[in-house]
Amino acid sequence: MEKLAIEGGVPVREKVLAYGRQYIDDADISAVVEVLKSDFLTCGPKVAQLEQKLCEMTKAKYAVAVSNGTAALHVACLAAGITKGDEVIVAPMTFAASANCVLYCGATPVFADIDKDTYTISPEEIEKRITPCTKAVIAVDFTGQACDYTRIKEICKKKQILLIEDAAHSIGTVYDGVPVGSLADITTFSFHPVKTITAGEGGAVLTNSAELYEKINLYAKHGITRDEKLIQNHENSSWYYEQQLLGYNYRITDMQCALCKSQLEKLEKFAERRKEITKKYNEAFGGMSQITLQKEQPKSDTVRHLYIIRLNTDKLTADRKQIYDALHAENIGVNVHYIPIYLFPYYQSIGYRRGLCPQAEALYEQMITIPLYYAMSEKDVCDVICAVKKVVEHYTK
Ligand SMILES: *Cc1c(COP(=O)(O)O)cnc(C)c1O
């Protein structure tokens, strides 16, 4: 057997392969430069153009572009009316922002465990955690795969609670014929560089409700409006504007919107490539008894953002950390997504305890994220497959 790099052997590749990275072409660069030469660096025409493009692509009626995905989640919660005393059901297997946004509003995140096979929030677990204080569910399309929205929407409707979809991973995914963006009451995107499309930093909030849209817009812009239809104290002067609630400055610049819009033009191409690489990984690892793959949600036509391999550690002589380190030594930039949120010291300090979500905790101990992004070459994909096989087979019992 080939000697592992971690034991002094030759690594599968010479240069480190990142786990995710952006793809920027000349059209993206020109789009940003054009804004820099224009009259508006912020609050200009590019913001509305991006918002319109997002609506066209997702079939959502309204979109508000904001400064990042976390700001998008915060204004989604504010517009939903989440406040002190409310409970919001969230998934534990996600980035911290998915639950922090609930705390920003003074409300309580209630963690509901993930499904053991698809790794997205389990509808049964949501149901078990609903109380008279439950105001909303924040469902995360973990790795890009849509949650079981048929059942989640049923539950939310029956209990009259709002559904917020954290779609930071799932732009381009289609569920049961409906594009992500018009599935939930409110959907949020992130345009961080590791996500499928980027604005550098950026995010968006989408909804089909005119009422929610007005609130989202207000909360993202200081609570200030100039809209004739919304003005409460009519001063009848053209300088007049009004602050109607306590909002934030979550504006996004025109440079970011120009970049994001230009990226959106490439979404189809990005999605195709991500699907292609996912298929190659599925074929390469599907037959390996040492690895379990994330089970597909049958109704989700998924654009994968992250690719997770789950190690069947009972069949291996090494644990996740050893395999992770061995893959790094082979120059494959693997990662781990995610540490269950409530295990962080901050969440422990406010009373959360290990054991809340056993499926998420078990998955965390066994998971590794391998590289997946548009700009990967065929050789990059082969190197990842080679390295995973080399390392996992080496440590097989
Ligand atoms: C990236 C991410 C966010 C936060 O987005 P930012 O743009 O980095 O603020 C929120 N939720 C999930 C699931 C994410 O992956």
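**Cavity, pocket and salt bridges**

User: How many cavities of 30 Å³ or more does a search of the whole structure find?

Analyst: This is a predicted model, where local features need pLDDT of at least 70, side-chain atom pairs count only at pLDDT 80 or more, and totals for chains, interfaces and linings use all residues. Residues are numbered from 1 along each chain as its sequence is written, and side-chain values use heavy atoms, without hydrogens or water. A cavity is a set of points, on a 1 Å grid over the protein atoms alone, where a 1.4 Å probe fits but cannot get out. At 30 Å³ or more, the search gives 1 cavity.

User: How much space lies in the largest cavity?

Analyst: Its lining residues (an atom within 4 Å of a point) include Arg21, Tyr23, Lys195 and Tyr374. Volume is the space filled by probe spheres set on the points, joined across faces, edges and corners. For the largest cavity, that comes to about 70 Å³.

User: How many charged residues are in the lining of the largest cavity?

Analyst: Asp, Glu, Lys and Arg count as charged; Ala, Val, Leu, Ile, Met, Phe, Trp, Tyr, Cys and Pro as nonpolar; the others, Gly among them, as polar. The lining has 5 nonpolar and 3 polar residues. Its charged residues number 3.

User: What is the volume of the largest pocket?

Analyst: A pocket is an open set with protein on both sides within 12 Å along at least five of seven lines. The largest pocket has 25 lining residues, with Thr70, Phe95, Ala168, Ser190 and Lys195 nearest its centre. By class, that lining has 10 nonpolar, 12 polar and 3 charged residues. The volume of the largest pocket is about 340 Å³.

User: Which strand supplies at least two residues of the lining of the largest pocket?

Analyst: Helices (H or I, at least four residues) and strands (E, at least two) are DSSP runs numbered from the N terminus. Helix H3 (69–79) and helix H4 (97–104) each give at least two lining residues. The strand that does so is E8 (186–190).

User: Which residue meets lysine 266 in a salt bridge?

Analyst: A salt bridge puts a side-chain nitrogen of Lys or Arg within 4 Å of a carboxyl oxygen of Asp or Glu. The structure holds 24 salt bridges. Lysine 266 has an N to O distance of 3.0 Å to aspartate 25.

User: How many residues apart are lysine 266 and aspartate 25?

Analyst: Lysine 266 sits in the loop between helix H8 (254–264) and helix H9 (267–285). Aspartate 25 sits in the segment before H1. The pair links distant parts of the chain, and the separation is 241 residues.

User: Is lysine 266 buried or exposed?

Analyst: Buried means under 20% relative accessible area, exposed over 50%, partly exposed in between (1.4 Å probe, protein chains only). Lysine 266 has 7%, so lysine 266 is buried.

User: Which helix holds lysine 46, the partner of glutamate 34?

Analyst: The side chains of glutamate 34 and lysine 46 meet in a salt bridge at 3.8 Å, N to O. Glutamate 34 is in helix H1, 12 residues away from lysine 46. At 16% relative accessibility, lysine 46 counts as buried. The helix of lysine 46 is H2 (residues 45–58).

User: Where do glutamate 283 and lysine 279 both lie?

Analyst: Their side chains meet in a salt bridge at 3.9 Å, N to O. Glutamate 283 and lysine 279 are both exposed. They are 4 residues apart, about one turn, in helix H9.
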